[in-house]
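Please look over the structure below. A short report on selected parts of its fold follows.

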Amino acid sequence: MFTSDNLRFLLELSRTGRISDTSKRLGVDQTTVSRRISRLEKDMGARLFDRGVSGWQLTEAGRRLVPYAESIESTLLSALGETTASASPSLNGTVRILTPDGFGAFVLVPGLRSVRARHPDLYTEVLTSTTHDVLTGRDFDVAVTLERPSPRSVVVSKLADYNLRLYASRRYLETHEPISSVDDLRHHTLVWYVDAFLDVEPLRILDRILPTGRAQIQTNNIAGHYEAVRHGVGIAPLPTYIGATDDDLVPVLRDEFVIRRSYWLVVPRELIRLARVRAITDALHEIVDRNPDLRAR
């Protein structure tokens with residue numbers, strides 16, 4: 001008969017990845033851990049872990065089960081006088097965050113220092129992507145998106161607004177034709193995302209600037225755009241939280257070109273009250289509040 005206590009073993013093994021570490025944390029022998037996991041897999045009718053040389057990794061079926069195990073754990077902690085929004089440094093487990101590449105690489109990752117200081121046992125996975133179907137797999141705990149998704153099965157809130165401006169390096173501007181209007185951009189090298197893979201509507205901005213033109217240099221991540229601009233390859237739209245922090249970059253057409261876009265914070269409804277998720281969403285708001293080029297909700 002199915003017992004929810006076996007979920008505790010799944011939860012700890014998902015956190016440690018090793019039978020030996022799990023047995024120590026739960027105060028049982030390794031055989032008991034293996035037996036409990038095997039029993040749970042039999043009850044669920046699915047393999048929950050893949051066993052490999054690097055440890056035990058959750059399968060897709062196992063990942064789907066983890067939020068329910070965490071919900072039970074959080075409820076028990078609440079009954080013992082803890083709160084699901086606890087800021088205790090004893091928080092552990094893993095939080096998977098999906099985010100656009102620019103926000104993830106230039107804002108989120110540098111801002112995670114405070115999370116590590118507060119929750120040294122909490123692991124954070126940051127997956128960056130700038131595609132329309134980034135949320136379809138639902139393989140995340142927290143997501144930051146450029147498009148506002150349907151709130152049917154997730155909780156959605158505005159995280160921040162930001163501006164995009166055209167940037168070029170000082171060296172590029174010194175060695176190329178002057179730019180006094182948008183039409184002058186036809187005579188310059190533009191850098192942007194790969195047309196064939198750009199399906200996020202808020203980023204289809206070059207179509208509006210130059211309806212008959214296209215970027216001569218195309219790469220599928222914003223780090224490539226930034227490096228191309230920094231090395232004098234061409235001109236690219238960059239978020240001001242990237243461009244404004246580099247003294248060698250100069251805004252182009254400052255009065256004619258500025259585009260405002262938004263970031264949305266997305267959390268699956270069944271995870272919204274979990275302590276580890278609340279810790280990360282709180283940290284995201286703090287990171288945004290500290291950045292002068294992001295306008296908080």
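Which residues in H5 meet which residues in H9?

## Helices H5 and H9

From H5, the residues are Asp101, Gly102 and Phe106; from H9, they are Ile222, Ala223 and Tyr226. By class, the residues of this contact divide into four nonpolar, one polar and one charged. Note that the model is predicted.

H5 spans residues 101-108, and H9 spans residues 222-230. The two helices pack at an angle of about 70 degrees. Their axes are 8 Å apart. An angle of 65 to 115 degrees counts as roughly perpendicular. H5 and H9 are therefore roughly perpendicular to each other.

## The chain as a whole

The protein chain has 297 residues, and 47% of them count as buried. Its secondary structure comes to eleven helices and twelve strands.

Contacts across the sequence were also counted. Take the contacts in the protein chain with a separation of 6 or more: 76% of them are accounted for by residues 24 or more positions apart.

## Helices H1 and H3

H1 contributes Asp5, Asn6, Leu7, Phe9, Leu10 and Leu13 to the contact. H3 contributes Thr32, Val33, Arg36, Ile37, Arg39, Leu40 and Asp43. Sorted by class, the residues of this contact comprise seven nonpolar, two polar and four charged.

Val33 lies in helix H3. Is Val33 buried or exposed? Val33 counts as buried, because its relative accessibility is 0%. Leaving aside neighbours within four places in sequence, Val33 is in contact with Phe9, Ile19, Thr22, Ser23 and Val28. Phe9 is also among the H1 residues that meet H3. Thr22 and Val33 are eleven residues apart in sequence. In space, they are 7.4 Å apart, C-alpha to C-alpha.

Glu12 is found in helix H1. Why does Glu12 count as buried? Its relative accessibility is 10%, and the cut-off for buried is under 20%. With neighbours within four places in sequence left aside, Glu12 is in contact with Thr22, Arg25, Leu26 and Glu73.

## The E1-E2 hairpin

E1 (residues 49-52) and E2 (residues 55-58) run antiparallel, joined by four bridges. A hairpin connects E1 to E2 through two residues. Within the pair, Phe49 stands opposite Leu58 in E2.

## Strand E3 and its partners

Strand E3 covers residues 93-99 and is mostly covered: six of its seven residues are buried. Seven bridges join E3 to strand E4 (residues 122-128), and the two run parallel. Gly93 stands opposite Leu122 in E4. E3 also pairs with strand E5 (residues 142-145). This pairing is in the parallel sense too, over two bridges. Here Leu98 stands opposite Ala143 in E5.

Thr94 is found in strand E3. At 25% relative accessibility, Thr94 counts as partly exposed. Leaving aside neighbours within four places in sequence, Thr94 is in contact with Tyr123, Glu125, Asp141 and Arg276. Thr94 and Ser14 are 80 residues apart in sequence. Their C-alpha atoms are 8.6 Å apart in space.

## Leu253

Where does Leu253 lie? Leu253 is in the loop between strand E10 (249-252) and strand E11 (259-268). Phi of Leu253 is near 55 degrees, a positive value in a residue other than glycine. Leu253 counts as buried, because its relative accessibility is 11%.

Key: Residues numbered from 1 in each chain as written. Predicted model: local features only at pLDDT ≥ 70, side-chain atom pairs only at ≥ 80, totals over all residues. Heavy atoms only, no water. Contact = heavy atoms within 4.5 Å. Nonpolar A, V, L, I, M, F, W, Y, C, P; charged D, E, K, R; others polar. Pairing = 2+ DSSP bridges. Buried < 20%, exposed > 50% of the residue type's maximum accessible area, 1.4 Å probe, protein only. Axes fitted to C-alpha atoms, helices over the stretch in contact; angles between N-to-C directions. Parallel < 35°, antiparallel > 145°, perpendicular 65-115°, else oblique.
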